[in-house]
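Hi there,

Here is the structure I promised to pass on to you. Have a look at it first, and then read my notes below.

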Amino acid sequence: GESALDVTNSPMGRYQAAIGRAVEKEWQLNCMKHRDFITPGFLTVRFFVSESGRIKSVQFIGDNQTGEVQKGFTLNSIRKAPIPAMPPAVKKEMAGDALELIFNFYF
């Protein structure tokens with residue numbers, strides 16, 4: 001569905017949207033590759049993105065009826081997504097800190 005807030009009209013919102021698109025594209029490709037192993041459920045994942053666009057850490061913070069294959073390819077999707085470096089305005093806002101994101105993946 002559509003976002004309830006128009007957060008993409010700011011440098012941070014646009015950057016978060018770019019991250020979301022990159023991760024979702026990788027995840028959708030992996031879902032197609034591993035579709036025989038998918039069971040209905042969801043994963044909630046917390047990860048941090050550095051100024052350079054590298055993933056610093058990934059944690060599963062919630063799940064419901066997801067298998068190890070689903071967790072594995074979701075983790076790989078986040079790590080392999082082509083995340084761009086932070087734009088200057090976002091770098092300034094983050095003041096050297098990594099950006100924390102929490103994504104829900106529904107199967």
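**What I found**

F42 has Y106 as its bridge partner in β3, and T44 is bridged to N104 of β3. Before going further, please note that this is a predicted model, in which local features need pLDDT of at least 70 and side-chain atom pairs count only at pLDDT 80 or more, while totals for chains, interfaces and linings use all residues. Residues are numbered from 1 along each chain as its sequence is written, and side-chain values use heavy atoms, with hydrogens and water left out.

**The sheet**

Strands β1 (residues 42-49) and β3 run antiparallel and are joined by 8 bridges. A strand here is a DSSP run of E with at least two residues, a helix is a run of H or I with at least four, and both are numbered from the N terminus. Two strands pair if DSSP finds at least two bridges between them. The whole sheet is open, with 3 strands in the order β2-β1-β3 and antiparallel pairing. Because β2 (55-64) and β3 (99-106) each have a single partner strand, they stand at the edges, and one side of each has no neighbour in the sheet. From one strand to the next, the twist averages 20°.

**The helices**

Helix α1 (residues 11-33) lies across β1 and β3, at about 40° to β3. Helix α2 (residues 68-80) packs on the sheet too, touching β1, β2 and β3, and its direction makes about 150° with that of β2. Contact means heavy atoms within 4.5 Å. Axes are lines fitted to C-alpha atoms, for helices over the stretch in contact, and angles run from 0 to 180 degrees between N-to-C directions.

How do the two helices meet? The axes of α1 and α2 come within 8 Å and cross at roughly 145°. In this contact, V23, E26, W27, N30 and C31 of α1 meet F73, T74, S77, I78 and K80 of α2.

Lastly, look for Q28 in helix α1. Q28 is partly exposed, with a relative accessible area of 36%.

Enjoy exploring!

Definitions and conventions. Buried < 20%, exposed > 50% of the residue type's maximum accessible area, 1.4 Å probe, protein only.
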